[in-house]
Amino acid sequence: MLMLSPRLWFSSIASHSHNTLSCSSPRFLFFVPRLILTTALCNSSRKLCCGYQKPIKQNGFFPVASDLQSCSSSFPKDSAFSGLEDVVVSYLFGKKRATEVAHMVWKHVVQKGDTVIDATCGNGFDTLEMLNLVADDAHDGYVYALDIQEDALDNTSLLLEKSVNSNEKHLVKLFNICHSKMENAVPRNVSVRLVAFNLGYLPGGDKEIRTKSDTTLLALEAAKRILMPGGLISIVVYVGHPGGREELEAVESFAAGLCVENWICCKIQMLNRPCAPIPIFLYRR
């Protein structure tokens, strides 16, 4: 294979505890200027498997188009994932940031009236995006926003004051707790559609106060317990600070241990930008 300058790695994470067939882990390499896709999946077929097709879905593969031309047609129009090919391509060519990619993925999963969790609300931009997705006329949708720092909650509250009306702001419940304690904030009988993490430290805040691998793993376990079928755990991992790489490895290990029959797990990672944030998505079937 001709090796050009690598720009992006799109990887599906599978569990090493399964047999060779069920945990076949596809690896995709994108190269610029020509978009080249390599995969270890579907070796029995001479045709490259892309798009939202049953053989790929059954092997725990988060779909992605193999070239720009097929992006508009690889998913059925009524699919919850229709349009996500464009998200990956936009990220590939530097048109979208990692958080914007996450927001666009959320739109394909979250519905009006849903309950969602911003496990690390920071300055409130993710919280506001979630509120716009779940708020409806019946005021049934709720956002549970958590952060261990009071400054983060103050910043989130201020952003909401400037951005939404009082009725909508009441749909956001703020909690000054660690993300690992999310089950203490959300009522037990509530089904959660989305749990989002923006790991690292508070932008503009104290860089010594940041998420850690041990509590993040506890938070992921809690998210797994309360997430409804058809729900999503969304994680943006920042690796450019002390402990960031270790936290990424912990998240990857957690995702790799999820059953491929019940979960689709993937990450998008730049190869020649080692400190670039890494979006990771864990979708419960």
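Predicted model: local features only at pLDDT ≥ 70, side-chain atom pairs only at ≥ 80, totals over all residues.
**Notebook: cores, helix packing and salt bridges**

I started at leucine 131: setting aside neighbours within four places in sequence, it is in contact (heavy atoms within 4.5 Å) with Val143, Leu160, Val164, Glu168, Leu171 and Val172. Residues are numbered from 1 along each chain as its sequence is written, and side-chain values use heavy atoms, with hydrogens and water left out.

Next I looked up the cores. I took a nonpolar core as a set of buried Ala, Val, Leu, Ile, Met, Phe, Trp, Tyr and Cys residues joined through side-chain atoms within 4.5 Å. Buried is under 20% relative accessible area, exposed is over 50%, and partly exposed is in between (1.4 Å probe, protein chains only). The largest core has 38 residues, and Trp106, Leu131, Leu232 and Phe281 have the most contacts inside it. A second, separate core of 31 residues includes Met182, Phe197, Ile233 and Leu258.

Then the helices (DSSP runs of H or I, at least four residues; strands are E runs of at least two; both numbered from the N terminus). H2 (residues 84-92) packs on H3 (residues 98-106) at about 180°, axes 10 Å apart. Axes here are lines fitted to C-alpha atoms, for helices over the stretch in contact, with angles from 0 to 180 degrees between N-to-C directions. That makes H2 roughly antiparallel to H3 (the cut-off is over 145 degrees). On the H2 side I found Leu84, Val87 and Tyr91, meeting Ala98, Val101, Met104 and Val105 of H3.

How many of the nine residues of H3 are buried? Seven are, so H3 is largely enclosed by the rest of the structure. Among them are Thr99, His103 and Trp106. The cover includes H2, helix H4 (125-134) and strand E6 (192-198).

Last, salt bridges (a side-chain nitrogen of Lys or Arg within 4 Å of a carboxyl oxygen of Asp or Glu): I count four in the structure. Arginine 193 pairs with aspartate 114 at 2.9 Å, N to O. Arginine 193 sits in E6 and aspartate 114 in the loop between H3 and strand E3 (115-118), so this pair ties together parts 79 residues apart in sequence. Both partners, arginine 193 and aspartate 114, are buried. Arginine 225 meets glutamate 183 at 2.7 Å, N to O. Arginine 225 is exposed at 54% relative accessibility, and glutamate 183 is partly exposed at 31%.

Technical notes: Parallel < 35°, antiparallel > 145°, perpendicular 65-115°, else oblique.
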